[in-house]
Amino acid sequence: MKTKHVSNLFLVTMLLILASLLASCNAKSSVTGNVAYLQKIALPPDAVVSVQLQDISLADAPAAVIGEQVITKPGQVPIPFEVPYKYREIDDAHTYAVRARIEDSAGKLLFTSDTATLVLTQGNPSENIELVVVPVSTSMPSNPANLLGEPDGIDTFDTDNNWSLFDARCFKSEITGGKYVMTSKGIQGSACWEVSWPLIQDFYVETTIEMPAECNPKDRFGLFFRAPDTNRGYLYGLSCEGEYSMTLWDGLGTAVIVEADTNPAIATGAGILNRIGILASADNYYLYVNGQYVDQGKDSTYINPGKLGFFVRAATDQGFTVNFDDLAVWLLDDAYYPPEANDPNLPDVPVDSPPSDVPTVTATVNVNVRSGPGTMYPIFGTVEKGTTGEVVGSSPDGKWWAVKVPASISGSGVAWVAKDYASLNNPKNETIPTVDPPLLPPLAGVPAPAPGDPWLSITEVASVRSGPGIQYPIYGVAPVGSKAKVVGSSEDRQWWAVELPLSIDSNSRGWIFKDFVYAQGTDNVPTIEAPRVPENILPTPPQSGAAAALALEPMNVRGGPSNKYTSFGQIPIGAVMAVVGKSADGEYWVVKIPKSISPNEQGWVAARYCQASNINQVPVVPPPPEP
């Protein structure tokens with residue numbers, strides 16, 4: 001009996017081993033790596049890449065295909081691949097290689113492997129393979145326009161439908177004779193630009209430049225692109241002496257992406273035509289002149305969808321005029337050019353008709369109206385070209401007008417427009433006072449989305465609120481270029497709900513107005529019911545001459561100086577509060593509220609949403625224990 005038991009155990013063991021061997025024979029693995037090429041040219045968006053794992057052991061026989069991967073719409077190199085194969089088909093005594101080829105949609109061969117890249121056996125690797133392919137002909141054109149086919153958009157400047165024309169301090173623009181004509185006014189060392197409305201991310205763009213009749217050798221002109229707003233972006237262009245270069249302006253200073261250099265492809269001389277092109281793919285930039293590749297750069301500051309336009313930069317105090325023509329755009333990824341994108345439909349800001357004898361400004365274009373004098377302040381909305389409003393002051397840097405708006409828009413009754421886009425009428429030549437700007441709002445601390453999440457990218461500084469409407473308190477702002485996970489949409493489809501830390505909102509949720517963002521993957525996000533608007537708390541008004549704070553926004557009044565403390569309700573926009581103290585860091589005011597709401601008659605409000613006065617002697621108040 002014991003011998004029989006051992007025999008049965010041996011048989012079961014052998015069967016298990018055999019099953020394991022059979023399973024391993026049928027198990028799959030893969031060879032992984034990247035396909036790349038050395039030429040500085042772009043693949044057409046409909047290219048097809050095929051990578052094969054081949055048995056090349058027999059020199060007098062065709063290679064046997066062990067595995068293959070076909071990649072459609074691969075984007076640009078390097079292109080990752082993963083070719084599957086079965087273990088049982090691999091013989092350690094054989095030799096294996098991977099090869100790749102790239103074709104266009106019509107089956108025309110563009111690139112192919114010209115050497116065997118050995119893998120798997122005889123000590124060769126199976127992962128991180130760098131598979132370099134070569135063009136099928138050394139005469140392949142390097143101009144992306146020849147590979148990309150018909151452009152997705154063309155502007156021949158027969159009309160000015162896509163542009164707002166300016167006569168500003170730095171430049172003048174007009175469309176005449178089928179050309180976009182840009183005149184620098186000789187502001188030495190300053191670049192000036194105009195942008196159109198479409199947001200594009202990965203693209204190839206070309207335009208023809210007619211070299212100026214008169215200019216300084218170092219004057220520059222060309223394309224302005226990937227601009228997250230009207231104050232930042234990349235500049236690629238030529239100089240009068242025939243140098244190309246690419247720079248970045250981030251709103252504070254210039255960074256050189258591609259150093260200025262000459263190239264035989266650039267033609268010089270008054271009235272000579274040069275066609276420049278820029279290919280932007282992720283953080284890579286490829287520069288072209290007259291169909292010839294000239295250089296490349298790399299930078300990841302602005303890789304989200306941005307605006308496109310033209311720039312001029314005067315090297316001296318002498319102005320010059322340059323003509324642009326035949327702007328063409330090829331999109332490398334249609335997902336970043338939504339068909340519903342058109343001229344931004346921001347809310348209209350109502351402006352009362354001013355008296356005839358006061359200083360006023362008139363909008364020379366459709367202009368943004370902001371909460372402070374700078375593009376880091378949120379936008380209330382826009383006023384149309386021709387709208388006139390009363391001026392109450394100027395910013396300390398002299399670049400922005402403070403104008404009257406209804407208190408329902410700004411608690412102080414003041415908003416800001418850029419001087420470059422508004423003309424002044426001062427019938428009595430009154431002295432216009434300098435107005436101190438409000439504090440910059442705090443950042444909302446929006447976490448970045450995870451791969452695969454529905455997401456949005458901020459295209460204008462956006463307020464993050466506790467509900468879908470301006471009647472809700474504000475948590476802070478999300479800066480241009482930041483991303484957030486989208487968790488839902490408002491019932492009116494005008495606001496996105498985004499994920500916030502639990503420390504900011506008890507539902508881990510904030511709301512952003514849709515016109516300030518670019519969203520992706522949001523088709524299936526749920527509709528979320530709007531939360532209840534917090535009840536208004538009427539604060540105790542201050543005595544004459546006492547410390548006071550004016551609410552510029554609806555704001556939470558809390559039990560302590562952070563979002564961790566319970567909200568008692570909200571202070572309505574325009575309310576004036578008696579200030580009795582401040583937090584140690586100056587970020588919160590302690591204001592007097594009814595005893596029925598807080599036993600010590602104190603509440604805490606964010607200082608950055610207030611306009612304070614007479615606060616020099618306000619004491620620091622220790623915070624209560626955190627809940």
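## Disulfide between Cys215 and Cys240

Cys215 and Cys240 are joined by a disulfide, with an S to S distance of 1.6 Å. The model is a predicted one. Because the torsion about the S-S bond of Cys215 and Cys240 is about -115 degrees, this disulfide is left-handed. The link connects distant parts of the chain, 25 residues apart. Cys215 sits in the loop between β14 and β15 (220–229), and Cys240 sits in the loop between β16 (232–239) and β17 (243–249).

Cys215 has a relative accessibility of 30% and counts as partly exposed. Cys240 has a relative accessible area of 13%, so Cys240 is buried, the limit for buried being under 20%.

## Disulfide between Cys170 and Cys192

The whole structure contains two disulfides. Besides the pair described above, Cys170 and Cys192 form a disulfide, and their sulfur atoms are 1.4 Å apart.

Cys170 is buried, at a relative accessible area of 9%. Cys192 is buried as well, at 5%.

## Cysteine pairing and Cys610

When the bonded cysteines of the protein are numbered in sequence order, the pairing reads 1-2, 3-4. Another cysteine, Cys610, has a relative accessible area of 7% and is therefore buried.

## Salt bridge between Arg275 and Glu206

The salt bridges in the model number 12. One of them is formed by the side chains of Arg275 and Glu206, with an N to O distance of 2.8 Å. Arg275 lies in strand β19 (residues 273–281) and Glu206 in strand β14 (residues 203–210), so the pair ties together parts that are 69 residues apart in sequence.

Arg275 has a relative accessibility of 22% and counts as partly exposed. Glu206, at 6% relative accessibility, counts as buried.

## Salt bridge between Glu626 and Lys564

The side chains of Glu626 and Lys564 also meet in a salt bridge, here with an N to O distance of 3.8 Å. Glu626 is in the segment after β44 (610–613) and Lys564 is in the loop between β39 (555–558) and β40 (567–571), so this pair ties together parts that are 62 residues apart in sequence. Both residues, Glu626 and Lys564, are exposed.

## Salt bridge between Arg101 and Glu103

A salt bridge also connects the side chains of Arg101 and Glu103, at 3.0 Å from N to O. Arg101 has a relative accessibility of 33%, so Arg101 counts as partly exposed. Glu103 is partly exposed too, with a relative accessible area of 22%.

Definitions and conventions. Residues are numbered from 1 along each chain as its sequence is written. This is a predicted model: local features need pLDDT of at least 70, side-chain atom pairs count only at pLDDT 80 or more; totals for chains, interfaces and linings use all residues. Side-chain values use heavy atoms; hydrogens and water are left out. A salt bridge is a side-chain nitrogen of Lys or Arg within 4 Å of a carboxyl oxygen of Asp or Glu. Buried means under 20% relative accessible area, exposed over 50%, partly exposed in between (1.4 Å probe, protein chains only). Helices (H or I, at least four residues) and strands (E, at least two) are DSSP runs, numbered from the N terminus. A disulfide is a pair of cysteine sulfur atoms within 2.5 Å.
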